[in-house]
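Reader: Hey, I'm new to this one. Could you walk me through it?

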Amino acid sequence: MKLRVMRTALVVAAACMMAVQAYAGGPAARPTGAARVLASATSSATRFTDLLSASQAAPRLTAVQRARTIGAGALNGVLSTLQEGGLPFAAPVDFVLNQRGEPVFLLKDGSILHANIAATPLSSLLIVDGTSGQAVSLAGEVGPLPEQEFAQSHVDFLNVHPVARECIAPGGLSFFKLAVQKCYLHAPDGGVWLPVAEYASATIDALAPFAHHIISSVNGPRRAELCRFCEAYFGRSVASAELVGIDELGFDVALALGAAGEGKGGSLERRRVGFSGPRKTEQEARSLFVKTFFQAWEPPAQPPSAS
């Protein structure tokens, strides 16, 4: 009799412990493996309030926005000119873009570039973004910077290249501008010619100046949280995850699929996650990641029971 009572007490105690764990979000409340992934997949559309659901097409910057953003974030490029006889000559130049996306740069009087432009103004500037593997080619005619544009371009150039102030003071340098007639975006998935008018009026990605710092902060101390989020959002078992890109419309992650205990996983995939609305400041982007990572640990929403 006593033995039966003891067994009953143990069963009741175990049941109470499981209930407490479930209420506190302990092991009994956290499904693992396939069950956790399945539950995550069915709830990602409502759990992450600042993101589009995984089934929706994530928005991306347009090609002209990407081109303007690459140019705005670069400090220098390679200017190609034509020498006497038609042979090309290329040299690095520091530049800044004006409001229409036209490059403004300094050339030394009597330099090879200066002489080539004086003879044949047709030139091309190549701007490379080493992080994304993209580049922009801007082609047109190079000429002296118009007087009415000098004041603003002078200030903009020195803000980006303050050391040039010491070079300008003695003289012997002149500002030139490339009037863009053709624009081409080079990208890993293929290149495309861009309408010059659309390029000139395109907006620049607001998060571009902060992208590197945001990516570093997520891939460093918060990589495990990123991996957990990807499992919850995409409904897949993820061995590892890395944030590889971010802009005002969303972010890109590289995933190694498979269980975390299986090393780096099998297949590799790159996925896009869209924001529910543009994020225009670094604070907005960082706050979104904090909130989203927290939501990834919340229990999945349960479907309403049939009455």
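Reader: Good to know. How confident is the predictor, going by the mean pLDDT of the protein?

Author: The mean pLDDT is 84, and 79% of the residues reach 70 or more. Residues 1-43 are another matter, with a pLDDT below 50. That stretch still has 24 contacts in the model beyond near neighbours in sequence. Where pLDDT is low, though, predicted coordinates should not be read in detail.

Reader: Okay. How many helices and strands does the protein have?

Author: There are 10 helices and 10 strands. The protein has 307 residues, and 38% of them count as buried. If you take the contacts with a separation of 6 or more, 64% of them come from residues 24 or more positions apart.

Reader: Let's pick a helix. Which residues of α3 are buried?

Author: Helix α3 covers residues 63-73, and its buried residues are V64, Q65, A67, R68, T69, I70 and G71.

Reader: And what do those buried residues pack against?

Author: Quite a list: the strands β2 (88-97), β4 (122-129), β5 (134-144), β6 (173-186) and β7 (192-194), plus helix α7 (196-201).

Reader: Switching topic: how much space lies in the largest pocket?

Author: About 1300 Å³. Its lining is made up of 37 residues, and D129, T131, S132, Q134 and I246 lie nearest the centre.

Reader: Which elements each supply at least two residues of that lining?

Author: Helix α3 again, along with β4, α8 (211-219), β8 (238-247) and β10 (268-274). By type, the lining has 15 nonpolar, 11 polar and 11 charged residues.

Reader: Now α5. Is E149 buried or exposed?

Author: E149, which sits in helix α5 (residues 147-160), is buried, because its relative accessibility is 17% and the cut-off for buried is under 20%.

Reader: What does its side chain make a polar contact with?

Author: The side chain of K177, at 3.2 Å. Apart from neighbours within four places in sequence, E149 is in contact with N98, R100 and K177.

Reader: Where is D50?

Author: D50 is in the loop between α2 (33-47) and α3. D50 is counted as buried because its relative accessibility is 17%. Its side chain is joined to that of K291 by a polar contact of 3.4 Å. Beyond residues up to four places away in sequence, D50 touches F275, S276, R279, L288 and K291.

Reader: And E225, which helix is that in?

Author: Helix α9, residues 223-234. E225 is partly exposed, with a relative accessible area of 24%. Its side chain makes a polar contact with the side chain of R222, at 2.8 Å. The C-alpha atoms of E225 and F293 are 6.0 Å apart, while 68 residues separate the two along the chain.

Reader: Last one: is A119 buried or exposed?

Author: Exposed, because A119 has a relative accessibility of 64% and the exposed cut-off is over 50%. A119 is found in helix α4 (residues 112-119). Its C-alpha atom and that of T81, 38 residues away along the chain, are separated by 9.9 Å.

Definitions and conventions
Residues numbered from 1 in each chain as written. Predicted model: local features only at pLDDT ≥ 70, side-chain atom pairs only at ≥ 80, totals over all residues. Heavy atoms only, no water. Buried < 20%, exposed > 50% of the residue type's maximum accessible area, 1.4 Å probe, protein only. Helix = DSSP H or I, 4+ residues; strand = E, 2+ residues; numbered from the N terminus. Contact = heavy atoms within 4.5 Å. Polar contact = N/O pair within 3.5 Å; in protein donor to acceptor, adjacent residues only side chain to side chain. pLDDT = per-residue confidence, 0-100. 1 Å grid on protein atoms, 1.4 Å probe; cavity = no way out; pocket = protein on both sides within 12 Å on 5 of 7 lines; lining within 4 Å. Points joined across faces, edges and corners; volume = space filled by probe spheres on them. Nonpolar A, V, L, I, M, F, W, Y, C, P; charged D, E, K, R; others polar.
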